[in-house]
Amino acid sequence: MKRLISSVLLIIALVSLITVFFTYFQVKDEEVQLKNDLQYRSWLLSESLRLVVEPDIASPELLKSTIDKFGANEELIGTSITSDKGENIASSSSYPKNITNLKSISIAAIKNNKPQGKFESKQGKDIYVYAVPLHQDKEVAGALVFIQDAEFIEYRIGQIWRTAFLRLFTQILIIALALFFIFRWIIHDPIIKLVESIKQARLSKSPNERLSKIPDLPFLKPLLGEIYNIKKSLSEARLSASEEARLRLEKVDSPWTEERLKEYAKDILNGQKIVAVSNREPYIHEKKGDKISYFFPASGMATAIESIMQACGGEWVAHGSGSGDRLVVDKYDRIEVPPEDPKYILKRVWLTEKEEKGYYYGFSNEGLWPLCHNVHNRPIFRKEDWIEYLNVNTKFADAIFEEIKDLKNPIIFIQDFHFALLPKMIKEKRPDAQIVLFWHIPWPNSESFGICPFRKELLEGMLGADIIGFHTQLHCNNFIDTVRRELEARINIEKFAITRNDHESLIKPFPISIAFYNDKEKKYKFEFAKQKETLLKELNIESEFIGLGVDRLDYTKGIIERLKSVETFLTKYPEYKNKFVFIQISAPSRSGIKKYDEFGREVMSEVERINNSLKTKNWKPIIYLNRHHSQEELSLYYRIANVFLVTSLHDGMNLIAKEYVAARSDERGVLILSKFAGAAAELSQAFIVNPYNIEGVADTIKKSLEMSFAEQEKRMKKMRKVVLDNNVYKWSAEILKTVSNLE
């Protein structure tokens, strides 16, 4: 579009230049012609009057009478007769008294004994002064002076320019309209139809379906042929992938893929619709000026659920938090996503500032988050926050009821601690709904959970779900112990189920994972090398070894402990100074909560302290990047890191660890993983550490950097197989399988 606009502007500029060029020369020619005509008329007038006044030059009274009669000529401003010394003898009554400094022209005519003419601008008026000598007895006795109006010359020139610009405007308008219709009918409409055809191919239309009708234009025919071939190839490839996925269903040991999950969902759901529910939405629209853009938030939960929704379709209900969110939804607050390739519906729920402050920042993140993570940060529970938490859960329940009112046996997949009350609310009104609640963060022991003043209401709400999932068996055990302590319920340890008020809830571990998209580093080594070189140059890194940490800016992630471990490593093993740099990427999180703001300042202060303590002239040990990074950006960081530190003080799973493993298609690099992260149970080939043991982590960093490539490849290969075999599609399939087996 920019090139098209530039081309149109260039054409307009050229037409304008040509018009101005020719008009300029036309004006010059016209000006010369008009002045010549005026001069000629002045000569004719002077000749006819001179013959009359010369005999009476000695009689001023007769001269005055004669020139007054002659002054009736409308082309003349005034006429005068001067003596041989240039003094005025007689002048017409119309001769302007306010025009001065014309004596020099008459004197020049008398002195040179020949006519003199001059164009002047007097008091803002264009005039032409013409003087001819008068004779008596063949001697020059004076001069006859004419003053003529020359305004019409400028008027005529202005008229030419106005006509030229009007013509130019008409030409530009015609050109613009012609280009618009040419673009619209010959280019735009055919291209739109081509795009629709390609979109049909991308959305798995039949390979035998005909292309959309396109005008029979010769220049498009080669393109149409290629598009048809691509469309056919894509459709055939999808049919092949679908068939392969169907065959894989019979192979227990084959990796789960998006296609395999699609086929599995078709077989197992029997037309049931999945409605996912979360606080965070998968796509956030932002308005900047007149433009609306969108981005995918940094969230392990959102990434995981997005993979399921793209594979299985359905609807996702979430809080609309973007400044442009309301501008893109329909009247039912829905929008199809992903924007570039819609596969499911996003339903947005709007929260007031008061609701968000109490439910999200207050009860969820100042209360439940620290309560469940056991990281020595006192939970804060306020009655007003609890009221907003209850209100928002009710608001989401109402939104879900609206979406499932015409559905039978819908599957409601609720995410995380923001909606502990939601399962019961839905089950009471729609007992046919099959409800899954997945708790993405740890579940503390029963004594710790007893701190919460609203613990019974939370547990009652959660037990409205048919399935309650956690990352690890330990979290399942803690939840059952908590229910046993707080509520009257039947607990079936063999089945791992809790029955309360005649409703049974299964408590199951479902270790979440990632999609495991294989990058193509081996195929594109040159591009990666170039990207790496550019990144290191931007960060001013010349060190041999690179360490990396990637987290939200959260006190549960062990960032301070990690930085102290890096400091201890460089202090204890000074030979690595200048040879090792640690990059800490921390995406801002929950700004506005006092504890998080304080923690952000604490991290920054710690980075500055360590750098000031250890830095040299051309090296500093820690590079701190406090901003959001896209998945593509993070992938590059993962691939350049020799060692990756995940030092969570307490964590549900920590998908970042799995992302690092998935990104290392070169099978190099070392993962140092906290024993308190859920991923530690699966990624046993990582170095498992206690993040509170600062010196122990420091020693592990040294051991990692000195590990041979052969050992790195051996460990990384095993971890990659674990992540590939237990990816998010398998996680989804296990949950769907459990749902299908509900009685």
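What follows is a chat about how to read a few features of this predicted model.

Me: Where do I start with a predicted model, and what is its mean pLDDT?
Reply: Start with confidence, since pLDDT is the predictor's own score for each residue. Here the protein's mean pLDDT is 86, and 88% of the residues reach 70 or more.

Me: Over which residues does pLDDT stay under 50?
Reply: One such stretch is residues 205–215, where the model has 28 contacts beyond four places in sequence. Another is residues 519–523, with 10 contacts of that kind.

Me: Next, helices. Which residues of helix H3 are buried?
Reply: For a helix, look at which residues are tucked away and then at where they sit around the axis. In H3, residues 103–112, the buried ones are Ile105, Ser106, Ala109 and Ile110. They lie on the same side of H3, because they span an arc of only 135° around its axis.

Me: What do the buried residues of H3 pack against?
Reply: Four strands: S1 (76–83), S3 (116–122), S4 (125–136) and S5 (139–149). Also have a look just past the end of H3, where asparagine 113 has a positive phi of about 55°.

Me: How many disulfides are there?
Reply: The idea is to check cysteine sulfur pairs against a cut-off of 2.5 Å. The count here is zero. Take cysteine 452: its nearest cysteine sulfur belongs to cysteine 372 and is 8.8 Å away. Cysteine 452 is buried, at 0% relative accessibility.

Me: What separates glutamate 606 and arginine 609 along helix H17?
Reply: About one helical turn, because they are three residues apart in H17, residues 594–614. Glutamate 606 is buried at 10% relative accessible area, while arginine 609 is partly exposed at 36%.

Me: Is glutamate 659 buried or exposed?
Reply: Buried, yet it has no salt bridge. The nearest side chain of opposite charge is that of lysine 658, 11 Å away. Glutamate 659 sits in helix H19, residues 655–663. Leaving aside residues up to four places away in sequence, glutamate 659 touches Ile514, Gln631 and Tyr638.

Note on methods:
Residues numbered from 1 in each chain as written. Predicted model: local features only at pLDDT ≥ 70, side-chain atom pairs only at ≥ 80, totals over all residues. Heavy atoms only, no water. pLDDT = per-residue confidence, 0-100. Contact = heavy atoms within 4.5 Å. Buried < 20%, exposed > 50% of the residue type's maximum accessible area, 1.4 Å probe, protein only. Helix = DSSP H or I, 4+ residues; strand = E, 2+ residues; numbered from the N terminus. Arc of directions from axis to C-beta. Lys, Arg positive; Asp, Glu negative; His and termini not counted. Salt bridge = Lys/Arg side-chain N within 4 Å of Asp/Glu carboxyl O.
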